[in-house]
Amino acid sequence: KRMHRVEVTGFSEATSKDAIQYYFEGPRSGGGEITNWVNDEAKNRILITFKDKSAFTNVLSKRMHRVEGTTLTVKEAHWRPKSKTPVDKSRILLRNVPEITEETLTMFVETLTQGASPSSFLYGKEPGTIMALFPGEITDIDML
């Protein structure tokens, strides 16, 4: 199944992430219902997955996107090729996780994996490094 995902760049730290989300959910952008939202701070980008293909194509076809006076760059997000290294599909390594409760962490991971519930977490020596363990394989792990 093809994902309807766009990559948004060109915003500054001062640009409200909520404003960006509301913009892409609303009619000004041509967007619609968002099924997944990832703020990738390391790469200064936001990945948005739309529920409907029409929202995805409308957003990509619009010539200019502006939020809070900032012109955003929007393009289709392409998946990286599958790794040839064996992957343990029952674990996810998370980095740069802020100090949050385990309940909030669980909800975040469930959203990230589109519903897979972790059975436990292992906390790394480096602050903010957490391994989420699952009772079985995560079916859509290649989409993460």
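Student: How many aromatic pairs does the structure hold?
Tutor: The model, which is predicted, holds one aromatic pair.

Student: What makes the rings of tyrosine 23 and phenylalanine 24 a pair, and why is the pair called edge-to-face?
Tutor: Ring centres must lie within 6.5 Å to pair, and these centres are 4.9 Å apart. Planes over 60 degrees apart count as edge-to-face. The planes of tyrosine 23 and phenylalanine 24 stand at 85°, so the pair is edge-to-face.

Student: Are tyrosine 23 and phenylalanine 24 buried or exposed?
Tutor: Both tyrosine 23 and phenylalanine 24 are buried.

Student: Which residues does phenylalanine 24 touch, leaving out those up to four places away in sequence?
Tutor: Among them are Val8, Ile34, Ile48, Phe50, Val59, Leu72 and Val74. Phenylalanine 24 also belongs to the largest nonpolar core, which has 17 residues. With Val6, Val8, Ile48 and Phe50, Phe24 touches the most other members of that core.

Student: Which elements supply at least two residues of this core each?
Tutor: They are β1, α1, β3, α2 and β5. Helix α1 gives the most, with four residues.

Student: Which residues does the second, separate core include?
Tutor: That core has twelve residues, including Ile92, Val109, Phe121 and Phe134.

Student: Why is phenylalanine 121 called buried?
Tutor: Buried means under 20% relative accessible area. Phenylalanine 121 has 11%, so it is buried. The residue sits in strand β7, residues 120–123.

Student: How do you know what phenylalanine 121 touches?
Tutor: A contact needs heavy atoms within 4.5 Å. Residues up to four places away in sequence are not counted, and phenylalanine 121 then touches Glu102, Leu105, Thr106, Val109, Ile130, Met131 and Ala132. Take threonine 106: it is 15 residues from phenylalanine 121 in sequence, with the C-alpha atoms 9.0 Å apart.

Student: What is the order of the strands in the open sheet?
Tutor: The five strands run β2-β3-β1-β5-β4, with antiparallel pairing. The twist averages 30° from one strand to the next.

Student: Why do β2 and β4 count as standing at the edges?
Tutor: Each of them, β2 (34–40) and β4 (65–67), has a single partner strand, so one side of each is left without a neighbour in the sheet.

Student: How do you know that β2 and β3 pair?
Tutor: Two strands pair if there are at least two bridges between them. Strands β2 and β3 (residues 45–50) have six bridges, in the antiparallel sense, so they pair. As an example, the bridge partner of asparagine 39 is isoleucine 46 in β3.

Student: Where do helices α1 and α2 lie?
Tutor: Helix α1 (residues 17–25) lies across β1, β2, β3, β4 and β5, at about 150° to β2. Helix α2 (residues 53–61) lies across β1, β3, β4 and β5, at about 125° to β5.

Student: How many helices and strands does the protein chain have?
Tutor: The chain comes to three helices and eight strands. From the N terminus on, they run β-α-β-β-α-β-β-β-α-β-β.

Student: What share of the 144 residues counts as buried?
Tutor: The share is 35% of the chain. The chain exposes about 9,600 Å², and carbon and sulfur atoms supply 50% of that area.

How values were computed
Residues are numbered from 1 along each chain as its sequence is written. This is a predicted model: local features need pLDDT of at least 70, side-chain atom pairs count only at pLDDT 80 or more; totals for chains, interfaces and linings use all residues. Side-chain values use heavy atoms; hydrogens and water are left out. Axes are lines fitted to C-alpha atoms, for helices over the stretch in contact, and angles run from 0 to 180 degrees between N-to-C directions. A nonpolar core is a set of buried Ala, Val, Leu, Ile, Met, Phe, Trp, Tyr and Cys residues joined through side-chain atoms within 4.5 Å. Buried means under 20% relative accessible area, exposed over 50%, partly exposed in between (1.4 Å probe, protein chains only). Rings of Phe, Tyr and Trp (its six-membered ring) pair if their centres lie within 6.5 Å; planes under 30 degrees apart count as stacked, over 60 as edge-to-face and the rest as tilted. Accessible areas come from the Shrake-Rupley method with a 1.4 Å probe; for residues, only the protein chains shown count as cover.
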